[in-house]
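Visitor: I would like to go through the terms and the values behind them. Where shall we begin?

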Amino acid sequence: MVKIFVDPGHGGSDPGATGTGLSEKDVTLKIATRIRDILEDEYENATVKMSRTRDQTVSLEERTDMANAWGADFYLAVHINSGGGTGYEDYIHDLLSNNSRTAEIQRTIHKEVIKLNDLIDRGIKKANYHVLRESNMDAMLSENGFIDNTHDLAKMKDPDWINNVARGHVNGLAKAFNLHKVTKATKTTTKTASERLASSTPSYKKESTDSKQKTLYLPASADSWRIYPLNKDPIKKNALPDQLHPSKFGGFQYEILGETWPNVYIIQTKQLGKVQIYAGPETGAEIK
Ligand SMILES: [Zn+2]
């Protein structure tokens with residue numbers, strides 16, 4: 001197992017950089033959480049620990065102590081830039097040579113992030129930051145756009161962009177650490193996500209137990225449902241960046257494949273495959 005420590009910058013009493021209507025600490029948490037979820041859901045030889053999973057104050061010492069005590073193979077710090085610029089850059093510790101393994105990992109991740117993040121490439125850099133210096137393992141810090149730049153800020157407010165940035169980091173990690181995608185063979189020998197869900201949540205109803213086929217409608221006006229991976233409890237921190245935008249399409253209609261919790265249904269989506277969706281009455285969703 002490759003142990004990846006993911007550190008969303010700032011949090012709690014430290015908002016980090018701020019832009020209009022947005023704080024760095026919230027954007028870094030979204031990107032980092034998505035990186036964790038993709039690694040855990042799609043790769044079989046990666047395990048992830050995060051420095052924080054909610055809006056929480058954690059000191060720099062606590063962050064590197066956590067990664068060192070865990071014995072992480074890689075330390076990935078996720079940040080947002082500010083101070084009058086635009087684009088993406090990343091850092092390794094300034095005493096490392098360009099021939100170091102860390103520099104090689106940095107180049108690999110950098111290349112993959114730039115493919116997907118739709119930001120200007122400010123290059124690979126070095127600095128004497130605490131998390132790069134005090135971590136015992138290879139470490140990199142990424143600065144994902146400038147929160148005080150209108151163009152970059154607009155991207156940070158788009159869940160698709162958050163997802164793409166996370167995906168870019170994961171693609172780089174996968175190459176640098178030879179991470180394997182969960183294979184079909186593995187899937188058939190282990191429980192499927194819905195089977196895991198069924199065994200952990202007694203309220204799960206299989207399609208065949210319902211006498212009537214039900215359908216979930218998300219009219220164009222509905223806008224506050226939340227979606228979750230099948231193998232996670234439908235609680236707020238597990239929510240996926242929402243990619244279902246029914247207003248763009250005049251509405252969505254999904255066959256309900258099961259109900260996992262009250263008002264939480266399993267649906268098959270084009271964008272995300274099978275997911276759980278919280279679609280209580282206040283979301284504007286309708287069940288027929
Ligand atoms: Zn920062």
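Guide: With burial: buried means under 20% relative accessible area, exposed over 50%, and partly exposed in between, using a 1.4 Å probe and protein chains only. The model is predicted, so local features need pLDDT of at least 70 and side-chain atom pairs pLDDT 80 or more, while totals for chains, interfaces and linings use all residues. Residues are numbered from 1 along each chain as its sequence is written, and side-chain values use heavy atoms, leaving out hydrogens and water.

Visitor: Why does Thr-33 count as buried?

Guide: Its relative accessibility is 11%. The limit is under 20%. So Thr-33 counts as buried.

Visitor: What does Thr-33 touch?

Guide: Contact means heavy atoms within 4.5 Å. Leaving aside residues up to four places away in sequence, Thr-33 touches Met-50 and Lys-237. Thr-33 is found in helix α1 (residues 24-42). Helices (H or I, at least four residues) and strands (E, at least two) are DSSP runs, numbered from the N terminus.

Visitor: What makes the Leu-29 and Thr-33 pair a polar contact?

Guide: A polar contact is a pair of N or O atoms within 3.5 Å; within protein, one must be able to donate a hydrogen and the other to accept it, and residues adjacent in sequence count only if both atoms are side-chain atoms. Here the backbone oxygen of Leu-29 lies 2.5 Å from a polar atom of the Thr-33 side chain.

Visitor: Which residues are the protein donors of the zinc ion?

Guide: Donors are N, O and S atoms within 2.8 Å of the metal (3.2 Å for Na, K and Ca); water is not among the atoms, so sites may look incomplete. His-10 (NE2), Glu-24 (OE) and His-79 (ND1) lie 2.1 Å from the zinc ion. Their spacing along the chain is H-x13-E-x54-H. His-10 is in the loop between β1 (2-8) and β2 (18-19), and His-79 is in strand β5 (residues 74-81), so the pair ties together parts 69 residues apart in sequence. Both His-10 and His-79 are buried.

Visitor: Why is the pair of Phe-5 and Tyr-75 called tilted?

Guide: Rings of Phe, Tyr and Trp (its six-membered ring) pair if their centres lie within 6.5 Å; planes under 30 degrees apart are stacked, over 60 edge-to-face, the rest tilted. A search of the whole structure finds four aromatic pairs. In this one, the centres are 5.0 Å apart and the planes at 40 degrees, so the pair is tilted. Phe-5 lies in strand β1 and Tyr-75 in strand β5, so the pair ties together parts 70 residues apart in sequence. Phe-252 and Tyr-254 also form a tilted pair, at 5.7 Å centre to centre and 40 degrees between the planes.

Visitor: How do you know that Lys-288 lies over the face of Tyr-217?

Guide: A charge sits over a ring if NZ of Lys or CZ of Arg is within 6 Å of the ring centre and within 35 degrees of the ring normal. Lys-288 is at 4.6 Å from the ring centre of Tyr-217. Arg-101 has its charged end over the ring of Phe-177, 5.3 Å from the centre.

Visitor: What makes β9 and β15 a pair?

Guide: Two strands pair if DSSP finds at least two bridges between them. Two bridges join strand β9 (residues 215-219) to β15, and the strands run antiparallel. Tyr-217 stands opposite Glu-286 in β15. The open sheet of three strands has the order β11-β9-β15.
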